Amino acid sequence: MDSLSAVSEELAEIDGQIADIFRALSNGFQKLDKIKDVNRQSRQLEELTGKMRECKRLIKEFDREVKAMERRTYANTHRMLSEKKQSMVKELNSYVALKKRYQSNLESNKRVDLFDGPNEGFSEDNDMLASNMTNQQLMDKGYQMMDETDQAINRAKKVVQETVDVGTETGATLKAQTEEMSRIVNDLDSIHFSIQKASKLVKEIGRQVATDKCIMALLFLIVTGIIAIIIVKFVNPNNKEIRDIPGLAPPAMNRRLLWTPH
């Protein structure tokens, strides 16, 4: 402590706090050996664990202070501080290992209390009851317990069977739904094919209608032209610029008959 005070008051203070925690840990573990109650042991171990956490925090703070003043101290002093820190870490690790051993023993004791405690009382109660019962009562009690066991087994079988039935129904439902989805997909494919085919037919019909309209328009123009020519011929038969339509007789002309005497 005096050597640390000469180097740094903060380091000396941290070292004093760590030493106090180490003394408390030593006394705590000695006290833990004398405690027989499992719950009290657990509380004592939790308290010691908290002290070890605080000690770890102080050792880290001690290490930070040593690193901060590394450039301001001699090599021998820095070596001494590093060895001091290593000694603290080693002592803390020994208490951590001790705590793990006590923790393991404590958990083992709890498991023993959990499984053995109630059974001992139950066994004592059964012994007391059996000593006060006749042979016939013991047989009746045995038959009753066997009946209860059979009923429990039957209930378990019923639950298992119901579970199997539910699983079978679920599987059948899933299979039916899968088949229905397959049919729907096939129907959709058929509908898609039909739509494509209908689209092609509509396009072809549209092209045919357009062609028929063109032909009708052309025929209408031809008929209109023929009618126009016929009308003009009848109105003006002397017009030589208009040629006769083949197959159509020219209009009749007024002719004067010359009578010559015989």
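Colleague: What does the accessible surface of the protein come to, and what percentage of it belongs to carbon and sulfur atoms?

Modeller: Please keep in mind throughout that this is a predicted model. Its accessible surface comes to about 21500 Å², and carbon and sulfur atoms contribute 57% of that area.

Colleague: What percentage of the residues count as buried?

Modeller: A residue is called buried when its relative accessible area is under 20%. In this protein of 262 residues, 15% fall into that class.

Colleague: Which elements make up the secondary structure of the protein?

Modeller: There are five helices and zero strands. Read from the N terminus, the order is therefore written α-α-α-α-α.

Colleague: How do the axes of helix H2 and helix H3 cross?

Modeller: Helix H2 covers residues 9–34 and helix H3 covers residues 38–68. Their axes come within 9 Å and cross at roughly 160°. An angle over 145 degrees counts as roughly antiparallel, so H2 and H3 are roughly antiparallel to each other. The crossing of these two helices is left-handed.

Colleague: Where does Glu61 lie, and is Glu61 buried, partly exposed or exposed?

Modeller: Glu61 belongs to helix H3. Because its relative accessible area is 27%, Glu61 is classed as partly exposed.

Colleague: How many disulfides does a search of the whole structure find?

Modeller: A disulfide is a covalent bond between the sulfur atoms of two cysteines. Here the search of the whole structure finds zero disulfides.

Colleague: Are Cys55 and Cys214 buried or exposed?

Modeller: Cys55 counts as buried because its relative accessibility is 0%. Cys214 has a relative accessibility of 54% and therefore counts as exposed.

Conventions
Residues numbered from 1 in each chain as written. Predicted model: local features only at pLDDT ≥ 70, side-chain atom pairs only at ≥ 80, totals over all residues. Heavy atoms only, no water. Disulfide = S-S within 2.5 Å. Buried < 20%, exposed > 50% of the residue type's maximum accessible area, 1.4 Å probe, protein only. Helix = DSSP H or I, 4+ residues; strand = E, 2+ residues; numbered from the N terminus. Areas by Shrake-Rupley, 256 points an atom, 1.4 Å probe, with all protein chains shown as cover. Axes fitted to C-alpha atoms, helices over the stretch in contact; angles between N-to-C directions. Parallel < 35°, antiparallel > 145°, perpendicular 65-115°, else oblique. Left-handed = near helix turned anticlockwise from the far one by under 90°.
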